[in-house]
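Me: Please take a close look at one part of this model, the place where the two chains meet. I would like to know what each side brings to it and how the parts involved sit in their own chains.

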Amino acid sequence: MFLNQMLSKNHIQVNVEAKDWENAIDLGGEILLNEKLIELTYIEAVKKMKKENGPYIVIAPGIALSHARPENGVNKTSMSLIQLKNPVEFGHEENDPVKLVFTLATTDNKSHLDSLRQLMGVMTESSDMDILFTTKDVDKIVEVINKHS
Amino acid sequence: MLKILVVCGNGLGSSFLMEMNIKKVIKEIGAEVEVEHSDLTSAKGYHADIIVGTKDITSQLSGYAKELIELNNILDLEDMREKVVKALEKFEN
């Protein structure tokens with residue numbers, strides 16, 4: 001599956017207002033929940049894991065990869081992205097505050113790997129990441145995603 | 001061959017991204033090692049030589065591998081290279 005199939009335009013929101021990390025995870029998850037791609041249990045599982053294991057979902061400065069496991073309630077392999085208006089603290093020593101929240105949901109341990117590879121392509125190109133961090137235009141993000149898909 | 005295991009809480013997202021970058025680094029430095037990824041629970045029964053993970057993960061895995069590599073930023077390849085080289089040196093001789 002290509003990145004732009006998992007992370008389609010309707011799964012991307014910019015300038016989102018979140019009041020804290022839990023709210024940010026909720027808002028990212030709700031995009032997938034509203035399309036029944038995941039169940040509410042999935043979002044709860046992400047928050048539970050964060051509380052139990054710590055803020056490891058903040059994978060790089062300003063970037064959280066919100067995800068749990070297939071059995072936590074995934075109906076279809078999918079991804080969403082929210083860019084927060086005001087960055088929020090996840091409690092990570094070095095990578096806080098978080099401005100981009102990718103929510104990743106996968107039905108098995110293989111179907112998302114090509115997309116993750118493509119996402120890594122996006123993440124390692126700083127000019128593209130600048131766009132993701134700053135643009136107020138969803139279409140600009142879609143362009144970046146398409147370029148790497 | 002040395003086994004490097006990349007671990008995250010559930011073994012599906014961050015660990016795969018880390019594995020990708022670790023493999024990149026391994027290729028660059030030309031080391032002969034095996035790299036795999038797993039979740040926290042299965043990591044304990046894996047008998048890896050080196051475990052790579054974010055701080056909160058490695059803190060739960062001390063004693064499960066000879067060397068632990070802690071990463072804060074999984075996109076920081078230079079930091080990763082430095083830490084991998086240092087860990088591999090421990091296995092020389």
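Reply: What follows starts at the interface and then works back into each chain.

The model is predicted. In it, 28 residues of chain A are in contact with 20 residues of chain B. The two chains bury about 2,100 Å² between them, and 63% of this area is on carbon and sulfur atoms. Three residues of chain A, namely A:Y56, A:I59 and A:M120, account for 28% of what chain A buries against chain B, more than any other three residues.

Polar pairs are also found at the interface. Five residue pairs, both members at pLDDT 80 or more, are in polar contact across the interface of chain A and chain B. Four elements of chain A, α3 (40–53), β2 (58–60), β3 (63–67) and α4 (113–123), each supply at least two residues of the side that touches chain B. Of the elements of chain A, α4(A) gives the most to that side, with five residues. Sorted by class, the side of chain A that touches chain B holds 16 nonpolar, eight polar and four charged residues.

Two salt bridges are counted between chain A and chain B. One of them pairs A:E93 with B:K55, with the closest N and O atoms 3.0 Å apart. Side chains of opposite charge can pair when their charged atoms come close. Over all chains, the whole structure has 16 salt bridges.

The loop between β4 and β5 of chain A has another feature. A:P97 is found in this loop. The peptide bond that joins A:D96 and A:P97 is cis, with omega about -10 degrees. Strand β1 of chain A holds A:N15, and phi of A:N15 is near 60 degrees, a positive value in a residue other than glycine. Most residues other than glycine have a negative phi, and most peptide bonds are trans.

Now the sheet of chain A. Five strands form an open sheet in the order β1-β4-β5-β3-β2 of chain A, and the pairing is mixed. Its edge strands are β1 (12–16) and β2 of chain A, each of which pairs on one side only. From one strand to the next, the twist averages 25 degrees. Strands β2(A) and β3(A) run antiparallel and are joined by two bridges. In this region A:V58 stands opposite A:A64, a residue of β3(A). Helix α4(A) lies across β2, β3, β4 and β5 of chain A and runs at about 170 degrees to β5(A).

Chain B has a sheet of its own. Four strands of chain B form an open sheet in the order β2-β1-β3-β4, and the pairing is parallel. The edge strands here are β2 (33–39) and β4 (67–71) of chain B, each pairing on one side only. Neighbouring strands of the sheet are turned by 20 degrees against each other on average, direction ignored. Strand β3 (residues 50–54) of chain B pairs with β4(B) in the parallel sense over five bridges. B:T54 has B:L71 in β4(B) as its bridge partner.

Two helices of chain B lie across this sheet. Helix α1 (residues 14–29) of chain B lies across β1 (2–8), β2, β3 and β4 of chain B, running at about 170 degrees to β2(B). Helix α4 (residues 77–89) of chain B also lies across β1, β2, β3 and β4 of chain B, and runs at about 170 degrees to β4(B).

How values were computed: Residues numbered from 1 in each chain as written. Chains lettered and ligands numbered in written order. Predicted model: local features only at pLDDT ≥ 70, side-chain atom pairs only at ≥ 80, totals over all residues. Heavy atoms only, no water. Contact = heavy atoms within 4.5 Å. Buried area = accessible area lost by both parts, 1.4 Å probe. Salt bridge = Lys/Arg side-chain N within 4 Å of Asp/Glu carboxyl O. Polar contact = N/O pair within 3.5 Å; in protein donor to acceptor, adjacent residues only side chain to side chain. Nonpolar A, V, L, I, M, F, W, Y, C, P; charged D, E, K, R; others polar. Pairing = 2+ DSSP bridges. Axes fitted to C-alpha atoms, helices over the stretch in contact; angles between N-to-C directions.
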